[in-house]
Amino acid sequence: MTDKPEAGIKNETNEPEGLEKKVSEQAEDSEDSDIGPMPSVEVKNENRDAKRRRVLPHEKLYLEQLPTCPVYERSYMHREVLSSIQVASHDFLVTSSLDGHLKFWKKTKTGIEFVKHFKAHLGAVVGLSISADGQNLASISQDRTLKVFDIINFDMINIIRLDYIPGTVAFIYPPGNAQALIACSHQDEPFISVYDGKGGISPVFQLKDLHTTPVTCMAYNSTYGVVVTGDKGGMVECWSPQPPHQLPTALNFKYKSETDLYEFKKTKSHPASMTFSPDGQLMAFTSFTSDRLVRVFRVSTCKLVRKYDEGLEVYNEIQQAGSDMYKLDAMEFGRRLAVEREWVATSQAASANAGRFFYAAAKL
């Protein structure tokens, strides 16, 4: 005979199964509350993709700014028309405008970056020149001043006040020379005055018999140690910056009759601007005010190598020929043609920069 359990005392062996399950579920819930909910599979994949791909801040804004049209342009703003652009050997660019402003830029892998701005002159800047060593910059203006800048430090180091309106300017000294010689032509007279850019304000010497008409272009070639100048009469002269300023012996001719330097005189035109190739072996002249030709010469012999016709008739023929490589939209071509004709009618056409045409000529 077995004893019955006392009242109020539960037999563990007789506890209901539902109660055990409820207690175990409560224990699991308490453990889960300590750990937190596990991430879903989709959240894991999103986190993994975010780690793999680095998102650029404001990426959508950058993508919206990308050009989508076949023809576009980018402006590095001056408030007035540009008068000159020069490039130094240290990847610096200098631009000038008709309101007397100078801007320094630094070349980068993706473009150029602004560095410094000078309100350098009270009148229009009519000429810029960078020395052969890339250290100095000279600017001339219609306000009758010549100013010298240190390109590396972006600082003005000298101001020379002129008693004439300058026409063109060029550094004419080789790298390592003690004097930073600057040649400056007179706009209305056939004279060339030479100054020491780091020294006094008076001319070191003057050339009054070299040309018979005002000089329109001038440049120095450090490879051959020669200064080349052209005037409004169509004459081109080669001379040494050292006294007695004769023809340099490094050139392969003795008389001008052995060269093609009478080319401008023969065609009744005159050079408006000029530039040398980076290796100093070629030189190019523009003559936009007369026949609109770009002429390329070999420096050592002064022989004509090639001519490029920049006349509007040539571009009209290319447009009408229908070549896919060169043909533009008719509306766009008409707009560019109108801008070109308007530019030719202005005074800026006389000082068109020859440097922008030299990429093709340098491959000869």
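Does H58 count as buried or exposed? With a relative accessibility of 60%, H58 counts as exposed; the term exposed applies over 50% relative accessible area, buried under 20%, and partly exposed in between, with a 1.4 Å probe and protein chains only.

1. Basis of the note. The model is predicted: local features need pLDDT of at least 70, side-chain atom pairs count only at pLDDT 80 or more, and totals for chains, interfaces and linings use all residues. Residues are numbered from 1 along each chain as its sequence is written, and side-chain values use heavy atoms, with hydrogens and water left out.

2. H58. Although H58 is not a glycine, its phi is positive, at about 60°. The residue lies in the loop between helix 2 (41-52) and helix 3 (59-65). Helices (H or I, at least four residues) and strands (E, at least two) are DSSP runs, numbered from the N terminus.

3. P243 and P244 are joined by a cis peptide bond, with omega about 5°. P244 belongs to the loop between strand 15 (236-239) and helix 4 (263-266). H245 is also placed in the loop between strand 15 and helix 4, and H245 has a positive phi of about 65° without being a glycine. H245 has a relative accessible area of 18% and therefore counts as buried.

4. An open, antiparallel sheet is formed by four strands in the order 9-10-11-12. Strand 9 (166-171) and strand 12 (205-207) are its edge strands, each pairing on one side only. On average, neighbouring strands of this sheet are turned by 25° against each other, direction ignored. Here axes are lines fitted to C-alpha atoms, for helices over the stretch in contact, and angles run from 0 to 180 degrees between N-to-C directions.

5. Pairing within that sheet. Two strands pair if DSSP finds at least two bridges between them. Strand 10 (residues 181-186) pairs with strand 11 (residues 192-196) in the antiparallel sense, over five bridges. C184 has S193 in strand 11 as its bridge partner. The relative accessible area of C184 is 0%, so C184 is buried.

6. Strands 16 and 17. Strand 16 (residues 273-276) is covered on both faces: S273 and T275 on one side, and M274 and F276 on the other, are all buried. Strand 16 and strand 17 (residues 282-286) run antiparallel and are joined by four bridges; the bridge partner of M274 in strand 17 is F285. Their hairpin has five residues between the strands, and in this hairpin G280 takes a positive phi near 75°.

7. A nonpolar surface patch. L82, I85 and V87 form a nonpolar patch on the surface, together with about 230 Å² of accessible area. Areas come from the Shrake-Rupley method with a 1.4 Å probe. L82 is in strand 1 (residues 82-87), and with a relative accessible area of 36% L82 is partly exposed.

8. Cysteines. With a disulfide defined as a pair of cysteine sulfur atoms within 2.5 Å, the count comes to zero. C302 is buried, its relative accessible area being 1%.

Key:
Patch = residues over 30% accessible without salt bridge, like charges linked within 9 Å, V, L, I, M, F, W, Y side chains within 5 Å. Salt bridge = Lys/Arg side-chain N within 4 Å of Asp/Glu carboxyl O.
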